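Welcome to this short tour. Open your viewer, get ready to select residues by number, and follow along stop by stop.

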Amino acid sequence: MNAANKKYTVLLLSAPIGSGHKLAAEALEQVLAANEAVHVVHGNIFDFFPHFIGTVFLKSYLQMLQHFPWMYKFMYRWGNQENGSLWMKNIINGILAKLGRKYLENIAPDVVIATHATPAGIVGLYKRSLPHKLFLGAVITDFTVHKWWICQGVDTYFIADSRLACRLPAAAEIKAFGIPVRQKFAEADGDAVRQEFGWQPHDKVCLLLGGGEGLLPMAEIVAALTRAQITGLQIVAVTGHNSQLERALQNYQVKNLAVYGFTERLPEIMAAADIVVSKAGGLTSAEVLSLGKKFIIYKPLPGQEEGNAVFLQQYYGSVIAKNTDEVAEYVRKFSKEASTAIESADTVRLQAAEKICTCVLEHIKKNESA
């Protein structure tokens, strides 16, 4: 606790590998920041070492996903074996715990909420040496559970679905509140956006998403949808930080296509859409489900995305397209169905961030009174 202003310090700790971990932390930050008794610090493990190391690592990671996905698939599966890479996890977490010790001591958090497995492991090691209680919450931002999430020191696991609980230690406290999404998704007015764009009530809006890096063959998908000649179809492509893809799509001579780069309006655009085509990132999937949209998963990346896709297909009616023609066929099928109403938004999932924060604050009070 910060003695000067009697505030509890909550450290949200993520890893900037993909945007989902950071966005989940931002969703929690929005809720916690409204509490006068809480001081929030949003950090990531790349703060533990020089900036250039993180930059090189991220570039290498993205290059591997784009050009050598088989390599990532091998590493993910090796790491998820019962007796596979757990020794490697312990070595990495041990090194990073030493590098990050000064950072953690300077912040002196009462609570750490980790939205990535590595920060959870690091803080689990760090808290062993502390003379006082430190609450560690692990927010798993996928619809699958990698074994690197299982580590000593975690007080509570927050998961996307209760059916994932069997993949965690039986003795662990587990709360299936859902993956936290930002408040803007709960506040989004899809009807207003449809009116703004001039979309008619009978129009079907298909939103193409490729995550922060725009990792989706949107040009090919737009071409397939154009060939399919689906009546009343409106296409919105959000390319994220992929400016090259944004420029290429803007040069397309397609009347029913709207193109955005990175935009803060994504929640309201998604709320206005009927169908979403994207990869199976955990955060994106949670956002789509929270707004009750038809979800077409395009060729999920190996690793957690494959796990997410299988789970979402099995339990949530999402579909997986192996190529752009299949995307067009699914869009045609969904376009014939009744419009997805704004009222179909999943209010329970939209409240995940609030529920997680409430649970964490209750644990703080228990620790203080113990």
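Start by selecting Glu264, which counts as partly exposed because its relative accessibility is 48%. Here, buried means under 20% relative accessible area, exposed means over 50%, and partly exposed lies in between (1.4 Å probe, protein chains only).

A word on what you are looking at: this is a predicted model, where local features need pLDDT of at least 70, side-chain atom pairs count only at pLDDT 80 or more, and totals for chains, interfaces and linings use all residues. Residues are numbered from 1 along each chain as its sequence is written, and side-chain values use heavy atoms, with hydrogens and water left out.

**Stop one: the partner of Glu264**

Which residue forms a salt bridge with Glu264? Select Lys184: the closest N and O atoms of this pair are 3.6 Å apart. A salt bridge here is a side-chain nitrogen of Lys or Arg within 4 Å of a carboxyl oxygen of Asp or Glu. The two residues link distant parts of the chain, 80 residues apart: Glu264 sits in the loop between β9 (257-260) and α10 (266-272), while Lys184 belongs to helix α6 (residues 183-187). Helices (H or I, at least four residues) and strands (E, at least two) are DSSP runs, numbered from the N terminus. Lys184 is partly exposed, because its relative accessible area is 36%.

**Stop two: two helices joined**

Now select Asp325 and Arg227, a salt bridge with its closest N and O atoms 3.2 Å apart. This pair spans 98 residues, from Arg227 in helix α8 (residues 218-228) to Asp325 in helix α13 (residues 324-335). Is Arg227 buried or exposed? Arg227 counts as exposed at 56% relative accessibility, whereas Asp325, at 45%, is partly exposed.

Move on to Asp155 and Lys127, whose side chains meet in a salt bridge (2.9 Å, N to O). They lie 28 residues apart, Asp155 in the loop between β4 (135-139) and β5 (156-158), Lys127 in the loop between α5 (117-126) and β4. Lys127 is buried, because its relative accessible area is 17%, while Asp155 is partly exposed at 31%.

How many salt bridges does a search of the whole structure find? The search finds twelve.

**Last stop: a helix**

Finally, select Ile95 in helix α4 (residues 86-107). Ile95 is partly exposed, with 48% relative accessibility.
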